[in-house]
Amino acid sequence: MSLFKTYAGLSRDIYYLCLARTINSTGDFVFSLITLVLTLQMGMNVVSAGIFVSMAALISGPGVLLGGYLSDVMGKKTIIVIGQLLSAIMIISCSFWSGTLTVGYLLIAVMFFISITRPAYNALIIQLCTEEKERKSAFSLMYLGANLGIAIGPLIAGFFIKDHVNIVFISIGTVFLISTFIIINQVKIGTRKELASTNSEHAGQQRSSQPPSPLFRLLLKNPLVAFFIVVSFLNYFIYMQYSFSLPLQMNHSFGENGAAYYGSVMTINAISVIILTTVILSATRKLTALNSIATGALFYGIGFGALNLLGTFPHFSIVALSTVLWTIGEILVQTNINLYIASRVPDTHQGRFNGLLLFVGCLGYTLSPYLTGIFIKSMDMESVWIIILAVSLFYGLSMIILWYIEKSSTRRNEMKPLDHSKSI
């Protein structure tokens, strides 16, 4: 229990925000719900259902960009509330059009409104927390809560999805409403903070009306932040392997038992996240965000790279160990990736920069299956994991180089006043 002291000392608002995110995430499997509803309930073929899933994935990109911009202009909490309320209305509406194609379009709309809340959640945590260690704990708690909800929600819904899909729609909508109610009533931005935020957002809104866009001006003024966002594409490219290449590998190595083994992998991943997140946060509190991400990239590489051994030793024990290793990488990267931007971007642009980072994530998730598919087609299945190992090591090395450049720059800046005084 002493490990949970890691989360002690956070503000009351952060605890309620994380609680709301946990509750919300129990119904946050709309992406999977699109496939299940269209194929199980309506009998749609896989190709047609895939078109709807692709549309939902594509619309998430503009959603996070719009959500990031609006959260800076209108306020983070406001965008979360609006996005979740509209999501709840849309998904409850699905129960009235059950069995029709309208449900598919409504679920795509739900994905859009969910996506606009993502950068607002991240930016609100940054606004409510003033120190990096506090932010690290808050993002870790948010990540842990979200994974708990994601693990519980589909498990319960699985019992009703085929014969009582209306119950699933209404339940998810209700969950969104409960989460929104908690945020409205319990997440309070202090008077001083709220005033400062309002003033800065108003100033940001005024500047955003002047060409060129202040977002791109800030990117040009902060080339290291721009580099970090671009290179973060590799994180999402690597992480997507768990849902694309990994099930293919399970089928390749274990034949007809592949699907069952992949289900076991997801269980190991969920248990590892729940057990290890707090432990890892406690062990890495003194590491900078960049060092934590670099370490996570190393675990990505070792974990996914170990799957190359399945070509010689097709044993599930290798898969289980691999899953624990890349899950450690997932925890380290996902709980730290927002911290780097948090301390280097003004409050007026936190939403937009987080939205841009999430947009790069959408590109990574979208392109990863296509690019990896090309690799698989041109070589044997196990060799793909060597490529993922190489990409992971390059990603980690990029973070180390970025850390070194910043450290060197800081030292030079600290020395400048001394040199100036000597010249006088």
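Helices here are DSSP runs of H or I with at least four residues, and strands are runs of E with at least two, numbered from the N terminus. Ser115 is found in one of them, helix 5.

Before we go on, the ground rules. This is a predicted model, so local features need pLDDT of at least 70, side-chain atom pairs count only at pLDDT 80 or more, and totals for chains, interfaces and linings use all residues. Residues are numbered from 1 along each chain as its sequence is written, and side-chain values use heavy atoms, with hydrogens and water left out.

Back to Ser115. Is Ser115 buried or exposed? Buried, with a relative accessible area of 5%. The cut-offs are under 20% for buried, over 50% for exposed and partly exposed in between, using a 1.4 Å probe and protein chains only. Now its contacts, meaning heavy atoms within 4.5 Å. Leaving aside neighbours within four places in sequence, Ser115 is in contact with Ile59, Ser60, Gly63 and Val64.

Next, the partner of helix 5. Helix 5 (residues 102–128) packs against helix 7 (residues 165–186) at about 25°, with the axes 14 Å apart. Axes are lines fitted to C-alpha atoms, for helices over the stretch in contact, and angles run from 0 to 180 degrees between N-to-C directions. Helix 5 and helix 7 are therefore roughly parallel. That word covers angles under 35 degrees; over 145 is roughly antiparallel, 65 to 115 roughly perpendicular, and the rest oblique. Which residues of helix 5 make the contact? Val103, Leu107, Val110, Ile114 and Tyr121. Helix 7 brings Phe169, Phe176, Ser179 and Ile183. By class, that contact has 8 nonpolar, 1 polar and no charged residues. Nonpolar means Ala, Val, Leu, Ile, Met, Phe, Trp, Tyr, Cys and Pro; charged means Asp, Glu, Lys and Arg; the others, Gly among them, are polar.

A second pair. The axes of helix 10 (residues 223–231) and helix 17 (residues 350–378) come within 8 Å and cross at roughly 30°. Val225, Ile229 and Val230 of helix 10 meet Phe353, Leu356, Leu357 and Val360 of helix 17.

Last stop, Ile331. Ile331 lies in helix 15 (residues 316–334). Ile331 is buried too, with a relative accessible area of 1%. Not counting residues up to four places away in sequence, Ile331 touches Tyr143, Ser272, Val273, Leu276, Thr277 and Ile280. Leu281 is 50 residues from Ile331 along the chain, yet their C-alpha atoms are separated by 8.8 Å.
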